[in-house]
Amino acid sequence: MTPKTADQRFPAALVVTGILLVCLLIVSGPQSLAHDPVSVPPGTPVEIVEVEYAVYDSYPPPTTTPGGQPPELNPPGWQPIVLPFMTADLPPQHSPLQQDHDVWFRFYLQAPPDDTDYSLLLWRYNLSAAVYFNGHEIAANSDREGRLTMAWNRPLLANILNSQWQPGDNEVLIRLHTTAWGGNLAPPLFGPEAALQGIHDARLFRQVDINRILLSFSVIISAFTLALWLLRRQDTAYLWFSAAGLAWTLGTLHTVIYHNPVPYNIWLPLVHTAIDSCTFFLYGFIGRVTRARKAGRERLFLAWTIFACVSHFLVPPPWFWYSAYGMHLTGLVILSSIVFRVALIAARQRQTEAIVVTLAVLAQMILFAYSAFQMLFDNAERWDSALSYAHFGIPVLLLVFSAVLLKRFTDALSVAETLNQELEQKVELSRQVIARSFEERRVLERQQAAEHERLKIYRDLHDDVGSRLLSIIHAEPDHKMGDMARSALESLRQSVSKANTPDQKLSVLLNDIREETELRLQGSGHSVDWQQHGKLPDLLVPSAAAFNVNRIMKELVSNIIRHADASHIEINVALDNDTLTIRITDNGVGFDTVVSDDVGGNGLKNIKSRAAEISAHVQWKSHHQGTETHLTLSLGKLASL
């Protein structure tokens, strides 16, 4: 027998060992492998690679005989084999692929020369195992009624008591329980208990404890992103990422569960359904977080994912692994299409998120492809020491995506805070505008109330004081007193008229002036010719300006009636850009001289005074054939009064 140490597990050495073993089989025959005992190592664990096997075609297995052999095995039931073992390597007559079955392995150990405690370590096998030493069970995976034991990811340490050793050869039996989906056994390690205990603990930590940590991490990350989605439901990238994390969590349960929760023919397809679902959810997440989503392609991928998930439950066990990994690889190819688009976006737009997502997904795809190659195409020696690197890459991928989502959320939060600050500023400005509006409304209400009160006072003065002044005019024989009363009455009437004059449009104001002017002049026996040129603007004349223009025109008409001794009056209204000119011409006796700015009675002074109040200009030209008066108004100044 040629045992080898655990430190010699390099592929080249394994290949050389396999060639030597084949040559040995050819030269000496297969039966010699079955009974060569393994000597006790001096301190370094060795691998047991040359064993015998026998297949028992029912489950659960019967109780072993006192000699440790399974019953009802007809000679020559034991056949030589070189580990590692896979059910696919069995000859057709020993490949019960449609039911649960047990495969037994047998080899012999020589009794140790000292009292050192020794052990056997099954560090990789599928699905569960038990170890018998000289007919006595020394280690086994626990069973639970109605549940299948899935210890495929847990090392099994079998400690041999010193009292169990017998002189000479000692028989070791390993019962490996497999299913219709297959089974395997890596070469057991034999050596001092202290050395194997460290290897067992390290393997258990790497294969089970780390997965438990990663499982908790996945659940926390998925719950966290789901909570983010509940806060921002319009951003569905969080929901897709949470779904991907939960799907991966279901697949990770397969590495830590000891007793299956459902029948194995349901559980195993369910695990691979979770893997395909995780790929689809990652596709949707990447499309949304990088804005590279194509709705039509996503629907096609959904249809493919549904087909893959259904096929996992329908494919016969002999073809299950080829079909499952074929579906997984197809999903990765589809996922690579969106990764390619994201890579283009990253290169073209230099988006940090796109670059990070592309690198993370590409690394995970490479790891998965390598694991699939080891599973389906690599040799047994490479499988012996291989690990599922893709499985450890997924949490890193989730961590990267979580960082991207967290940055995305913090950026959205920063934008929301900025918008909130801007909204608060706008609200404050609106509040100030509303406050000013209310203040202006209160001022306007006070002004309207004061105006109403003034009008009331004006009416009272007109009705009371006006009547008294009128009585004085008619009762007082003194003309001086009567003139003073008439002047006071006229001032009172002007004040009341001014208070009652509203804001008016320019066209309305001129129409009112024309109507009153024609009425007065025609009533006093004068002919009137009113001419108006140009389209008047839609200008609102303030009440004070309208009152003064009206009073100026009234005073000019009054002067014509009283002093001009005219028979015909022409009034011409013309608009030139921003200037409105009213020209009044009569055929009266005129003035003795040209009226200048410092000549004229109170009536002319009042006209000039009112014109100055509205930034207007009045000019007279008079001769023995009549008088021409020009009233020039600036519409811009008029509207701003």
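Is the crossing of α4 and α5 left-handed or right-handed? In this predicted model, the two helices cross in a left-handed way. They belong to a protein chain with 15 helices and 21 strands.

**The chain as a whole**

- The protein chain has 641 residues, and 44% of them count as buried.
- Its accessible surface comes to about 33100 Å², and carbon and sulfur atoms account for 58% of that area.
- Take the contacts between residues at least 6 apart in sequence: 78% of these join residues at least 24 apart.

**The pair α4 and α5**

- Two packed helices are described by the angle between their axes and the distance between the axes.
- Helix α4 covers residues 237–256 and helix α5 covers residues 264–289.
- The angle at which α4 and α5 pack is about 155°, and their axes are 8 Å apart.
- Because angles over 145 degrees count as roughly antiparallel, α4 is roughly antiparallel to α5.
- As for handedness, the crossing of α4 and α5 is left-handed.
- Which kinds of residues make up the contact of α4 with α5? There are 21 nonpolar residues, four polar ones and one charged one.

**A cis peptide bond**

- Most residues other than glycine have a negative phi, and most peptide bonds are trans.
- The peptide bond that runs from Leu83 to Pro84 is cis, and its omega is near 10°.
- Where is Pro84 found? Look in the loop between β4 (79–82) and β5 (85–86).

**Two residues with positive phi**

- Asp565 is not a glycine, yet its phi is positive, at about 55°.
- To find Asp565, go to the loop between α13 (543–564) and β18 (568–576).
- Is Asp565 buried or exposed? Its relative accessibility is 64%, so Asp565 counts as exposed, the cut-off being over 50%.
- Asn577 is a residue other than glycine too, and its phi has a positive value near 55°.
- Asn577 has its place in the loop between β18 and β19 (579–586).
- With a relative accessible area of 73%, Asn577 is exposed.

Conventions:
Residues are numbered from 1 along each chain as its sequence is written. This is a predicted model: local features need pLDDT of at least 70, side-chain atom pairs count only at pLDDT 80 or more; totals for chains, interfaces and linings use all residues. Side-chain values use heavy atoms; hydrogens and water are left out. Helices (H or I, at least four residues) and strands (E, at least two) are DSSP runs, numbered from the N terminus. Buried means under 20% relative accessible area, exposed over 50%, partly exposed in between (1.4 Å probe, protein chains only). Contact means heavy atoms within 4.5 Å. Accessible areas come from the Shrake-Rupley method with a 1.4 Å probe; for residues, only the protein chains shown count as cover. Axes are lines fitted to C-alpha atoms, for helices over the stretch in contact, and angles run from 0 to 180 degrees between N-to-C directions. Angles under 35 degrees count as roughly parallel, over 145 as roughly antiparallel, 65 to 115 as roughly perpendicular and the rest as oblique. A crossing is left-handed if the near helix is turned anticlockwise from the far one by less than a right angle, and right-handed if clockwise. Ala, Val, Leu, Ile, Met, Phe, Trp, Tyr, Cys and Pro count as nonpolar, Asp, Glu, Lys and Arg as charged, and the others, Gly among them, as polar.
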